[in-house]
Amino acid sequence: QVIKCKAAVLWEANKPFSTEEVEVAPPKEHEVRIKIMATGICRSDDHVITGALVMPFPIILGHEAAGIVESVGQRVTSIKPGDKVIPLFVPQCGECRSCLNTKGNLCSKTDLGTSAGLMPDGTTRFTCKGKAIYHFLGTSTFTEYTVVHESAVAKIDSAAPLEKVCLIGCGFSTGYGAALQTAKVEPGSTCAVFGLGGVGLSVIIGCKVAGASRIIAVDINSDKFAKAKELGATDCINPTDFNKPIHEVLTEMTGQGVDYSFEVIGRTDTMTAALACCQYNYGVSVVVGVPPAAQKITFDPMLLFTGRSWKGSIFGGWKSKDAVPKLVADYMKKKFVLDPLITHTLPWTKINEGFDLLRTGK
């Protein structure tokens, strides 16, 4: 059965979302149709609106969500209607080279980097006013119902509160894993986190859980400092308070630079600053923020020659289908908190207001 429901459609770049009635086709073989119960707003969605992340239009954005399975297509064995699930923008097919490698997590079935905006079979499940609507990262959660491939959905604890664990679909896992999985922060180490949005705060939670002795939070919006401290930051600094480059400030604060630094904004200038502020020989700097399209980075290669490591991290380095149910279980066991990461809860008709809150740093 085709489902008619409401969705937030983005018809073109730099325009507000428009609430429309869309038709959602039934799931095909190896696909799952989900009723979305809660979805987070992420900067990556906004990057599509501004053109910093290039995607085809019209599109249904959203990739951080939780819901309940409405129906499944043929040959779906791992999931059944009624299951609580989290859609995965980084799928886990279990067959490609990244999935088969213990160090890899970026499944080749992801739409990230290809920008096709279609299901794996090259078609879409959404239509609106007779037009085909593109999918976003194989998830598209700004809709009452969506269809995802079986490799892009994780079944979770039936007792989990969906309006909280939806954050495990992107923001929380991305930051927390950047500290624990990608950087592998050790007890007693010093860390610097550039950018204190939801993902940056999740990096702080990860550094704290890993036992870091000093966590320096860096943001040009000092309103973010109270929450950063609540979650484990030991120092908070605002680059605009200094008349010297921020990497010099951090190096002076720590003696030789930090053991681990994280760029959680998506700006090339802060990426090089984060690299320069980590210890010259064994420091590790992790790029977590989505880099803007068409921008290149220039830096002194001596920064790397002396031994620093520069790493990228996508979805926190987690193998998604394996890790998400475990992360939800850890949340249920109170290994980490999610409530402080939720600043507002809006009815979904106010999605444009939600994006205004994101853009104003609220």
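This note goes through a predicted model point by point, from its overall division to single residues.

1. Overall division. The chain of this predicted model is divided into domain 1, made of residues 3–171 together with 317–360, and domain 2, made of residues 183–312. The C-alpha centres of domain 1 and domain 2 lie 28 Å apart, and the contact takes 13 residues from domain 1 and 13 residues from domain 2.

2. In the model, the span 198–322 is 35% helix and 16% strand, and its end C-alpha atoms lie 23 Å apart.

3. Strand β14 and its partners. Strand β14, residues 284–287, is joined on the one hand to strand β13 (residues 260–263) by four bridges, with the two strands running parallel, and on the other hand to strand β15 (residues 309–312), again by four bridges and in parallel.

4. Burial of β14. In a regular strand the side chains alternate between the two faces of the sheet. Both faces of β14 are covered, since V284 and V286 on one side are buried and so are S285 and V287 on the other, as judged by a relative accessible area under 20%.

5. The crossover and D269. Strand β13, helix α8 (residues 268–276) and strand β14 together make a β-α-β unit, and its hand is right-handed. D269 lies in helix α8 and, with a relative accessibility of 43%, counts as partly exposed. Although D269 and I297 are 28 residues apart along the chain, their C-alpha atoms are separated by 7.9 Å.

6. Helix α1. Helix α1, residues 43–50, is mostly covered, with six of its eight residues buried; the buried residues are S44, D45, D46, H47, V48 and I49, a list in which a reader may wish to note the names D45, D46 and H47. The buried residues of α1 pack against helix α11, residues 351–359. After the helix comes G51, whose phi is positive, near 95°.

7. R33. Is R33 buried or exposed? With a relative accessible area of 2%, R33 is buried, because the cut-off for that class is under 20%. R33 lies in strand β3, residues 31–39, and its side chain reaches two backbone oxygens, that of V24 at 2.9 Å and that of A25 at 3.3 Å.

8. C96. C96 is found in the loop between strand β5 (84–87) and helix α2 (97–100), and at a relative accessible area of 12% it is buried. Leaving aside the neighbours within four places in sequence, C96 is in contact with C107 and S108.

Technical notes:
Residues numbered from 1 in each chain as written. Predicted model: local features only at pLDDT ≥ 70, side-chain atom pairs only at ≥ 80, totals over all residues. Heavy atoms only, no water. Buried < 20%, exposed > 50% of the residue type's maximum accessible area, 1.4 Å probe, protein only. Polar contact = N/O pair within 3.5 Å; in protein donor to acceptor, adjacent residues only side chain to side chain. Contact = heavy atoms within 4.5 Å. Pairing = 2+ DSSP bridges. Right-handed = clockwise from strand over helix to strand, strands pointing away. Domains from an automatic or database assignment.
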